[in-house]
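Hello,

Here is the structure I promised to pass on. Please look it over, then read my notes below.

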Amino acid sequence: MSATLFTNVTIFEGTKPKCEPGEVLVEGDRITRVATGRKQLPRDSGVEVIDGAGKTLMPGLVNPHCHFTYNDAVSLADITALPVEENMLVTMRNAATYLDHGFTAVIGMASAKPRLELVARNAINKGQFPGPRILACTPEYTVSGGVGDDSRLDRFVPSIGLVCNGAEEFRKSVRQMIREGVDIVKFNNAGDSFTFGKVGGECNPMTEDEVRAICETTLNLGKRVAAHAHADSGVRQCIKYGVEFINHATFATDATIELLAKHANKHFVTPAIAARYNTTYEAQAWGITEEVATQIGNKRELEAGCENMQKMHKAGIRVLPFGDYGFAWIPIGTDCRDLEHMVNLFGLQPWEALRAATAYGGEAWAGSSGELLGRIKAGYLADLLLVDGDPIKEITLLQDKNRIPGVMKGGVFHRRAL
Ligand SMILES: [Zn+2]
């Protein structure tokens, strides 16, 4: 069994407000011992000692709302237009990009085509390609006219989602996708500003029967559920039917937030705020001025979302960073901008944003599996980053991958530029 001892490092443990000096022993794919302060771990023969030269050792990042099958296009239609073969190559390139940027685990949150995410997961698990640990998702399930269905009566438009109507159609399709091997089933029980003019974020186009059918079928088969839920009624359904991954939660009312807080240990909220902030303020080059963003309702989603995330964080709900990167103005690889957004827009302390990106992300990835990741603690998977500087003092630091000279996944270095 390989063994690596990190000495002379400053440890960000994942849940603590401050870094502290220490040493960490990795044996096989796990962290087996941690010493802090002046304590030292034994230098046994056969253990490779790595002098961290004062760098920060922190848990690998977990992206809980990841679109690693997207090709940084300007619209969903442009992603859908990509043939499956090219899309598979894009997916494997993105997986490598995520690991390069310090993401050692990602949770797929809607595959651009049915089998992309699960094929990527399987190939990476076999060691055939570099990439993070992956939970593979279905394409997003939607209803006629919902987010992801742009067809008209006179013109069929291929969808990025799986379009079903009625409980029976959903049951059949969900069973098929689970047969194919997905870990997560995602559905859209809200509209979005990106589908301006059809169904807005406040609307929920799915019936109670349809949502119940998706959730019951998925949970009965032992898989996990995610929902694109801007609308208040959508968030309510997530609580009622056991949807762990609540995307956006933009228009949840105070009463719904209170209810969600009572079940806080069962849910993770991923606002994907960059798809609001960057779209409102930084997408002019693609024709989306602040005026356009206001007109389509994107700016309103930003403002309502920020207000809600502040409330949810205060109520003890796990609000997680990252999400919806993979478009032209929020390209894959720039995801760590979200940590800055959490501090500036949601009022989190920098260490709280980092906790959300590591320890909470690890809890989200593991679910009820009993797996341990996202912290520097004995027994946890050795998914680790060596970082040039203190990310608590400099929350923008992780945006520059050149300042992450060490990336280790499961006890094996992906990058080692020490
Ligand atoms: Zn998304």
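**Cavities**

The largest cavity holds about 50 Å³ of space. A cavity here is a set of points, on a 1 Å grid over the protein atoms alone, where a 1.4 Å probe fits but cannot get out. Grid points are joined across faces, edges and corners, and a volume is the space filled by probe spheres set on the points. Four cavities of 30 Å³ or more were counted. Lining residues have an atom within 4 Å of a point. For the largest cavity they are L76, A77, T80, G148, D150, V157, P158, S159 and I160.

**Ground rules**

This is a predicted model: local features need pLDDT of at least 70, side-chain atom pairs count only at pLDDT 80 or more, and totals for chains, interfaces and linings use all residues. Residues are numbered from 1 along each chain as its sequence is written, and side-chain values use heavy atoms, with hydrogens and water left out.

**Zinc site**

Which residues coordinate the zinc ion? They are H65 (NE2), H67 (NE2) and D324 (OD), at 1.9 to 2.2 Å. Donors are N, O and S atoms within 2.8 Å of the metal (3.2 Å for Na, K and Ca); water is not among the atoms, so the site may look incomplete. Along the chain the donors follow the spacing H-x1-H-x256-D. H67 and D324 link distant parts of the chain, 257 residues apart. H67 sits in the loop between β6 (61-66) and α1 (76-80). D324 sits in the loop between α10 (298-314) and α11 (337-346). Helices (H or I, at least four residues) and strands (E, at least two) are DSSP runs, numbered from the N terminus.

H67 and D324 are both buried. Buried means under 20% relative accessible area, exposed over 50%, and partly exposed in between (1.4 Å probe, protein chains only). D324 counts as buried because its relative accessibility is 10%.

**Positive phi**

Most residues other than glycine have a negative phi. D324 has a positive phi, near 70 degrees. A249 also has a positive value, near 55 degrees. A249 lies in the loop between β13 (245-248) and α7 (254-262). Its relative accessible area is 0%, so A249 is buried.

**Strand β1**

β1 (residues 3-11) is mostly covered, with seven of its nine residues buried. Strands pair if DSSP finds at least two bridges between them. β1 runs antiparallel to β2 (residues 20-27), with seven bridges. T10 has P21 as its bridge partner in β2. β1 runs parallel to β4 (residues 48-51), with four bridges. There, T7 is partnered by D51. Two bridges join β1 to β5 (residues 56-59), again parallel. In β5, T56 stands opposite T10.

α2 (residues 84-100) has 17 residues, which should span 24 Å at 1.5 Å a residue; its end C-alpha atoms are 24 Å apart, which agrees. The expected span is 1.5 Å times one less than the number of residues. Buried residues of α2 include N87, M88, V90 and Y98. The buried residues of α2 pack against β6, α1, β7 (103-108), α3 (116-125), β16 (406-409) and β17 (412-416). Contact means heavy atoms within 4.5 Å. Just after α2, G102 has a positive phi of about 95 degrees.

α13 (residues 359-366) is largely enclosed by the rest of the structure, because seven of its eight residues are buried. Among them are Y360 and W365. G367 follows α13, with a positive phi near 55 degrees.

Best wishes

How values were computed:
On a 1 Å grid over the protein atoms alone, a cavity is a set of points where a 1.4 Å probe fits but cannot get out, and a pocket is an open set with protein on both sides within 12 Å along at least five of seven lines; lining residues have an atom within 4 Å of a point.
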